[in-house]
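Please examine the model shown below. The paragraphs that follow lead through its ring pairs, its charged pairs and the packing of its helices.

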Amino acid sequence: MAEQRQDKAVLISEIRRRFEAEYLPGKSDKYDSRDVERLQQDDKWVENYLFWRHDVVDDTLKMIDESFQWRKEYTVNDLTESVLPKWLFENGSLFLHGYDKEGYKLFWFRVKHHIRDPKQQLEKKKLVAFWLEHYAKRDHGKPLTVVFDMAETGISHIDLDFVRFIVSCFTDYYPNFLTKIVIFEMPWIMNAAFKIVKGWLGPDAISMLKFTNKSDVQEYISGEYLPPHMGGTDSFKYSYPPLVDDDFQTPLCENGPITSEDEHESKEEIDADTKETGELNEEQNLNQKKMNSIEQISKSEETDKTEIKPKNAKKALTTFKGPLLHISPAEELYFGSKETGEKKCLIVLTNVTKNIVAFKVRTTAPEKYRVKPSNSSCEPGTSLDIIVSLHGGFAASLQDRFLIMAAEMDQSSGAGVPELTQFWKEVPRTKVMEHRLRCHVIESSKPSSLTLKENTFNIPAKTNEDLHIQLTRLLQINKRLQEQIDRCLWFQQLSVVLSLLSVTVVAFCFYLTYTQRS
């Protein structure tokens, strides 16, 4: 692995050296200086180009040259909502929403909303570039799954030039940015057109085409992110403004729900929250007693810092270095599946500024998670731990996302709940740092001590049932292994017998030959 990384570093260095020597002198006016600067600094970006061109340096340089010229032509680095016509967003033919079963973002092309019009073609192409660049910067180049929703389409919607542009964005301009293209209910009249599309994709990418209908589209996308006409349950309705994105909401903290800045609390809501907080505090006291008993039982396991800190704290090895906060882990929170039982994760925030930094945590699945603290502040130069835990019978999903928002506060502002609420109402969007984390579900087995520790929070009877089920499974597995061993022994004995018979036959043949010569 170390050798591979070293080889990759050599290739990256060669790409940079040759690009600067062979391409930059004669074409500097055809490139955006920001792209050239990024090429020299962003190893991952260069690595994606290499991967997409099978580590062939000449082909990689050619792709970089073409994509940089394209980025300059379409002013990709300067594409914003204000630059593009409002009607493009209102049309609803292109947007990002939801995730596939592997946790990749879905880039939707609702073909029925697209009408071929040469006068509008350039602006529509810029909209594609806007969405791709918007997502690439936001999620650090994590690949997309493209969905062509062709329900209720006909010949008037066929626009091969526009489809070719979308395909070429992934094959030529955004390296290693495509996982698959899911085509839903393609009309038979478009069969010939998509044979042409296959030619554009090339042999390596043809396997990414997935032709689906209502009966099999859920092989790739779960029903929660499919609209009803595709057999799903997603109630999402496209509208603009604001810019369409998955709504991050504030999850529950250990002391009850945190109210977001755009909610108006009435007196009744405050009273209800107070009541709920009291109930949760009683629940906490019970849990604290249980935790105390656990600590007495597990004195031998005092290598952990605290019992409530999850094992996943050890996995927080990578760090996202933002201008206000360093966030660890950098990209993923590791949860266990229902079988493994790991239900807690640790996020470590470090304030790298000279001022107090306010932060809050939001998620796409607020009903699943408790976060403590979810809305607080971090003193200059200090680190703060955030515990993210699943509650109820929920399990983590690859589609779940967390958003950490942070902004600097004046020293005189104060950091109490009222001050934070007012601060988030007033802080300009441009001064807010945002970082997203995705969930990773670990399917591998966990040590039995961890499972027992997690189950201690449940009713003992349920724990005994679980142990009984596990014991039954182990006995069944043991029985199957014993049967396999018996079969192996039988085959071994049969092989020995056949070998002896073969030796006997050969010896007898030699004996007959010898006697005939005599």
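How many aromatic pairs does a search of the whole structure find? The search finds 27, where rings of Phe, Tyr and Trp (its six-membered ring) pair if their centres lie within 6.5 Å, and planes under 30 degrees apart count as stacked, over 60 as edge-to-face and the rest as tilted. The structure is a predicted model, in which local features need pLDDT of at least 70 and side-chain atom pairs count only at pLDDT 80 or more, while totals for chains, interfaces and linings use all residues. Residues are numbered from 1 along each chain as its sequence is written, and side-chain values use heavy atoms, with hydrogens and water left out.

One of the aromatic pairs is formed by tryptophan 70 and tyrosine 173, which are stacked at 4.4 Å centre to centre with 5 degrees between the planes. Tryptophan 70 belongs to helix H4 and tyrosine 173 to helix H7, so the pair ties together parts that are 103 residues apart in sequence; helices (H or I, at least four residues) and strands (E, at least two) are DSSP runs, numbered from the N terminus. Tryptophan 70 is buried at 4% relative accessibility, and tyrosine 173 is buried at 16%. Here buried means under 20% relative accessible area, exposed over 50%, and partly exposed in between (1.4 Å probe, protein chains only).

The structure holds 23 salt bridges, each being a side-chain nitrogen of Lys or Arg within 4 Å of a carboxyl oxygen of Asp or Glu. Among them, lysine 27 and aspartate 65 meet at 3.0 Å, N to O. Lysine 27 lies in helix H1 (residues 2-27) and aspartate 65 in helix H4, so this pair ties together parts that are 38 residues apart in sequence. Lysine 27 is partly exposed, at 24% relative accessible area, whereas aspartate 65 is buried, at 7%.

Another salt bridge joins lysine 125 and aspartate 161 at 3.3 Å, N to O. Lysine 125 is in helix H6 (residues 121-138) and aspartate 161 in helix H7 (residues 160-173), so the two tie together parts that are 36 residues apart in sequence. Lysine 125 is buried, at 13% relative accessible area, while aspartate 161 is partly exposed, at 42%. Elsewhere, salt bridges that share partners join Glu14, Arg18, Glu22 and Asp58 into one network.

Helix H4 (residues 57-73) also packs against helix H2 (residues 33-41), at an angle of about 145 degrees and with the axes 9 Å apart. The axes are lines fitted to C-alpha atoms, for helices over the stretch in contact, and angles run from 0 to 180 degrees between N-to-C directions. Asp35, Val36, Arg38 and Leu39 of H2 meet Ile64, Phe68 and Arg71 of H4, contact meaning heavy atoms within 4.5 Å. Arg38 also forms a salt bridge with aspartate 42, their closest N and O atoms being 3.3 Å apart.

Helix H11 (residues 417-426) has Leu420, Phe423 and Trp424 buried. Seen down the axis of H11, these buried residues fall within an arc of 95 degrees, so they line one face of the helix; the arc is that of the directions from the helix axis to the C-beta atoms. On the other side of H11, Pro418, Lys425 and Glu426 are exposed. The buried residues of H11 pack against strand E12 (356-363), strand E14 (375-378) and strand E16 (401-409).
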